[in-house]
Amino acid sequence: MKGLVIKNTGSWYSVRTDDGATVESKIKGNFRLKGIRSTNPVAVGDRVEIVRNQEGTAFITAIADRRNYIIRKSQNLSKQSHIIAANVDQAFLLVTVSHPQTSTTFIDRFLASAEAYSVPVVLVFNKTDLLTADELHYQQMMVELYDTVGYECCQVSAATGEGVAELMPLLTGKVTVLSGNSGVGKSTLINALVPGAQLRTAEISDAHDAGMHTTTFSEMLQLACGGYLIDTPGIRGFGTFDMEPEEITSYFKEIFRYSHDCRFSNCTHTHEPGCAVLDAVEHHYIAASRYQSYLSMLEDKDESKYRSGY
């Protein structure tokens with residue numbers, strides 16, 4: 001029997017079968033993904049095969065090939081990966097310039113990982129209602145930066161509803177994974193987008209201006225407009241996984257464009273003479289923050305340099 005994984009609580013998976021039933025399932029035996037060392041070998045969005053048992057639950061016996069996925073380095077086991085979601089049409093990365101602040105390094109690492117697995121990303125800037133005039137100006141600068149790079153940006157307040165309706169056409173008919181740091185308002189946004197979801201929300205920590213985890217598992221929610229929204233737990237850091245240094249250039253759209261004009265075909269864009277990327281950074285055609293994110297990812301092969309704060 002075949003079905004779609006719509007929820008993952010750690011050890012159990014909810015599988016919606018092709019005949020419309022939902023079956024609680026576990027992984028059978030020593031199930032492992034081919035070639036990927038993952039803390040979660042099955043992810044929400046996976047197509048799987050299950051075998052029912054006498055208790056009314058089932059075992060997952062096989063997983064279909066994925067067309068894409070969003071993956072990050074596991075924070076507990078740095079040499080393993082954690083798959084956020086599989087078989088998605090796009091990702092919404094929810095970010096906040098304050099309460100809490102989402103770092104540009106985190107944003108850029110997420111975008112690069114999505115580029116690596118051919119997942120389009122929309123940046124959704126939340127909590128606009130809480131921003132001061134200076135913070136609103138900074139947010140507008142961020143929007144202009146990422147819009148220039150080639151990413152669609154939206155500005156919303158999930159709490160007040162401002163801008164939320166404009167997200168619906170982008171979601172219609174698509175499988176969208178919603179991700180972001182803890183505390184950026186994912187649960188509040190889902191409650192606004194999915195009437196009846198009634199996800200639990202929490203205030204951010206005043207002491208650290210950081211979010212507290214309210215979502216502890218991943219779940220696929222059906223949208224009234226057609227399509228699905230995958231809710232995921234908040235993540236504090238985003239370590240890139242299984243990227244070779246020479247590949248990283250192609251995951252930064254603007255760096256890749258300028259790299260064609262470098263003197264050397266194997267240019268690392270760090271020190272070489274005739275580097276068009278370094279020249280573009282110097283003349284502000286490439287944002288310094290994006291270039292610094294690129295450099296930080298080059299260092300990820302050195303495990304001692306990985307820090308969960310990214």
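How exposed is Arg-47, in terms of relative accessibility? Arg-47 counts as partly exposed because its relative accessibility is 34%, where buried means under 20% relative accessible area, exposed over 50% and partly exposed in between (1.4 Å probe, protein chains only).

The legends below describe a predicted model, in which local features need pLDDT of at least 70 and side-chain atom pairs count only at pLDDT 80 or more, while totals for chains, interfaces and linings use all residues. Residues are numbered from 1 along each chain as its sequence is written, and side-chain values use heavy atoms, with hydrogens and water left out.

**Figure 1. Overview of the protein chain.** The protein chain contains eight helices and 13 strands; helices (H or I, at least four residues) and strands (E, at least two) are DSSP runs, numbered from the N terminus. Of its 310 residues, 49% count as buried. Contacts are defined by heavy atoms within 4.5 Å. Among contacts between residues at least 6 apart in sequence, 65% join residues at least 24 apart.

**Figure 2. The salt bridge between Asp-18 and Arg-47.** A salt bridge is a side-chain nitrogen of Lys or Arg within 4 Å of a carboxyl oxygen of Asp or Glu, and by this rule the count comes to six. In the bridge of Asp-18 with Arg-47, the closest N and O atoms are 3.1 Å apart. Asp-18 belongs to the loop between strand 2 (13-17) and strand 3 (22-27), and Arg-47 to strand 4 (residues 47-52), so the pair ties together parts that are 29 residues apart in sequence. Asp-18 counts as exposed, at 53% relative accessibility.

**Figure 3. The salt bridge between Arg-67 and Asp-89.** The side chains of Arg-67 and Asp-89 meet at 2.9 Å, N to O, in a salt bridge. This pair links distant parts of the chain, 22 residues apart: Arg-67 is in the loop between strand 5 (58-63) and strand 6 (69-73), and Asp-89 is in the loop between strand 7 (81-86) and strand 8 (90-95). Arg-67 is exposed, with a relative accessible area of 53%, whereas Asp-89 counts as partly exposed at 29% relative accessibility.

Figure 4. Glu-115 forms a salt bridge with Lys-253, with 3.7 Å between the closest N and O atoms. Glu-115 lies in helix 1 (residues 104-116) and Lys-253 in helix 6, so the pair ties together parts that are 138 residues apart in sequence. Glu-115 is partly exposed, with a relative accessible area of 25%, and Lys-253 also counts as partly exposed, at 25% relative accessibility. Salt bridges that share partners join Asp-108, Glu-254 and Arg-290 into one network. Lys-253 also lies over the face of Tyr-151, at 4.1 Å from the ring centre; a charge sits over a ring if NZ of Lys or CZ of Arg is within 6 Å of the ring centre and within 35 degrees of the ring normal. Another such case is Arg-66, which lies over the face of Tyr-69 at 5.7 Å from the ring centre.

**Figure 5. Aromatic pairs.** Rings of Phe, Tyr and Trp (its six-membered ring) pair if their centres lie within 6.5 Å; planes under 30 degrees apart count as stacked, over 60 as edge-to-face and the rest as tilted. A search of the whole structure finds four aromatic pairs. In one of them, the rings of Tyr-258 and Tyr-285 have centres 6.4 Å apart and planes at 25 degrees, so the pair is stacked. Tyr-258 is in helix 6 (residues 253-259) and Tyr-285 is in the loop between helix 7 (276-282) and helix 8 (288-298), so this pair ties together parts that are 27 residues apart in sequence. Tyr-258 counts as partly exposed at 27% relative accessibility, whereas Tyr-285 counts as exposed at 58%. Ring pairs also link Phe-252, Tyr-291 and Tyr-294 into a cluster.

**Figure 6. Strand pairing around strand 5.** Two strands pair if DSSP finds at least two bridges between them. Strand 3 and strand 5 run parallel and are joined by three bridges; Ile-27 has Ile-60 of strand 5 as its bridge partner. Strand 4 and strand 5 pair in the antiparallel sense over five bridges, and Arg-52 has Ala-58 of strand 5 as its bridge partner. The hairpin of strand 4 and strand 5 has five residues between the strands, and Gly-56 there takes a positive phi near 95 degrees.

**Figure 7. Confidence along the chain.** The predictor's confidence in each residue is given as pLDDT, from 0 to 100. The protein chain averages a pLDDT of 86, and 82% of the residues score at least 70. Over residues 204-215 the pLDDT stays under 50, and the model has 33 contacts beyond four places in sequence for them. Residues 303-310 also have pLDDT below 50, with 21 contacts in the model beyond near neighbours in sequence.
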